[in-house]
Amino acid sequence: MAEPNGLSMPLGRTDLSVSRLGIGAMVWGDMSAAPRWNPARNVYGPTSTAEEQRAALEVSLAAGVNLIDTAAMYGKGASERRVGELTAGRDVVVATKFPFGFFSRTSSLPATLDNSLARLRRTTIDLYQVHYPFRWMSIPTLMDLMADAVEAGKIRAVGVSNYNAEQMRAAHAALARRGRVLASNQVQYLLLHRGPETDGVIDACRELGVTLIAYMPLASGALTGKYSADSQPAGWRRRSSSFRNENLANLVGLLGEIGGRHDRSPSQVALRWLIQQDGVLPIPGAKNPAQAAQNAGALTFTLDEAEVEALSRASG
Ligand SMILES: NC(=O)c1ccc[n+]([C@@H]2O[C@H](COP(=O)([O-])OP(=O)(O)OC[C@H]3O[C@@H](n4cnc5c(N)ncnc54)[C@H](OP(=O)(O)O)[C@@H]3O)[C@@H](O)[C@H]2O)c1
């Protein structure tokens with residue numbers, strides 16, 4: 001289990017200091033120009049307003065949350081544009097992802113990176129991640145392009161996302177040949193999806209000193225306990241396996257019971273369980289300041305070992 005105290009940690013073996021919880025901005029921005037099939041436009045129902053997103057960022061920063069995650073693909077650049085607008089001139093660790101679309105090629109990385117820098121209104125991206133291990137993109141070639149971008153001062157740290165253990169090792173080795181480190185692997189990891197514990201990803205992260213950035217940590221809202229058969233969530237997510245999981249009611253009950261002991265919500269307990277796993281950094285999506293403040297509250301209490309164990313057993 002991770003050292004329970006402390007608001008921040010180094011990102012992998014880099015000199016970037018990041019909060020132990022970030023904020024996911026997938027559904028931020030004006031999605032009206034994004035294609036209908038773009039997940040950022042459809043999965044969560046209507047997006048919140050720019051003002052709600054601005055306030056969500058402000059309460060997060062005030063609570064010590066300094067990492068915000070976006071991607072070129074989210075809303076075809078809309079999320080990056082909004083993150084750029086809101087973070088301009090602020091001391092925030094900005095993470096984004098390549099590529100821009102599913103049909104991109106490896107060789108488009110330098111131009112795609114320049115477009116992300118422009119939308120984000122920055123000269124350097126703190127963490128640049130390869131979004132998916134697309135078969136047609138050679139990992140060593142991508143990592144060479146990433147190392148070039150680090151040397152050009154356009155990115156500070158290199159990450160990947162949705163990489164399995166073998167792909168992570170290949171990326172790590174390719175970067176090591178250029179004297180660079182792999183900082184992070186962003187994968188789906190949450191109480192309802194413990195795959196990284198058994199597929200070798202979490203072990204590889206710990207062995208290689210790579211931070212595991214846990215996406216969808218609230219199971220798209222299912223772990224908040226606010227949805228039920230009578231109160232379905234907006235958007236395509238309602239058809240996802242999280243909302244149909246047989247164990248969901250039982251787990252939300254336990255999150256509520258443990259939360260009651262600490263005066264915390266089920267969401268905060270679910271996020272805290274992740275924070276207390278070694279080298280794991282959850283990035284919950286927040287639509288408004290109330291959600292952002294609640295999520296940041298996961299940084300300021302501690303589950304005891306028996307509680308962590310009970311949650312692990314109930315979700316395993
Ligand atoms: N690398 C990848 O392939 C990948 C894939 C997916 C996501 N991500 C990243 O991970 C981030 C988080 O994932 P996610 O947004 O899909 O899922 P999530 O964090 O599990 O769920 C976010 C949703 O839960 C609800 N919520 C959040 N905090 C809440 C609170 N305190 N109380 C009540 N409801 C709350 C909100 O929706 P409602 O209020 O509408 O319920 C919010 O949009 C994304 O923003 C993105 O940066 C990466």
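**A note on the fold**

1. Start with the sheet. Eight strands form an open sheet in the order β3-β4-β5-β6-β7-β8-β9-β10, and the pairing is parallel. Keep in mind while looking that this is a predicted model.

2. Strands β3 (23–24) and β10 (280–282) stand at the edges. Each has a single partner strand, so one side of each is left without a neighbour in the sheet.

3. At the β10 end, the partner to look at is β9, which covers residues 211–215. Strands β9 and β10 run parallel and are joined by three bridges.

4. Stepping back to the chain as a whole, you'll count 13 helices and ten strands. The C-alpha trace spans about 50 × 45 × 35 Å along its principal axes.

5. Why call the chain compact? A compact globule with 316 residues would have a radius of gyration near 20 Å, and the 18 Å of this chain agrees with that.

6. Two last figures, on packing. Of the 316 residues, 50% count as buried. As for contacts between residues at least 6 apart in sequence, 78% join residues at least 24 apart.

Terms used: Residues numbered from 1 in each chain as written. Predicted model: local features only at pLDDT ≥ 70, side-chain atom pairs only at ≥ 80, totals over all residues. Helix = DSSP H or I, 4+ residues; strand = E, 2+ residues; numbered from the N terminus. Rg over C-alpha atoms; globule rule 2.2 N^0.38 Å. Buried ≥ 20, exposed ≤ 12 C-beta atoms within 10 Å, placed from the backbone. Contact = placed C-beta atoms within 7 Å. Pairing = 2+ DSSP bridges.
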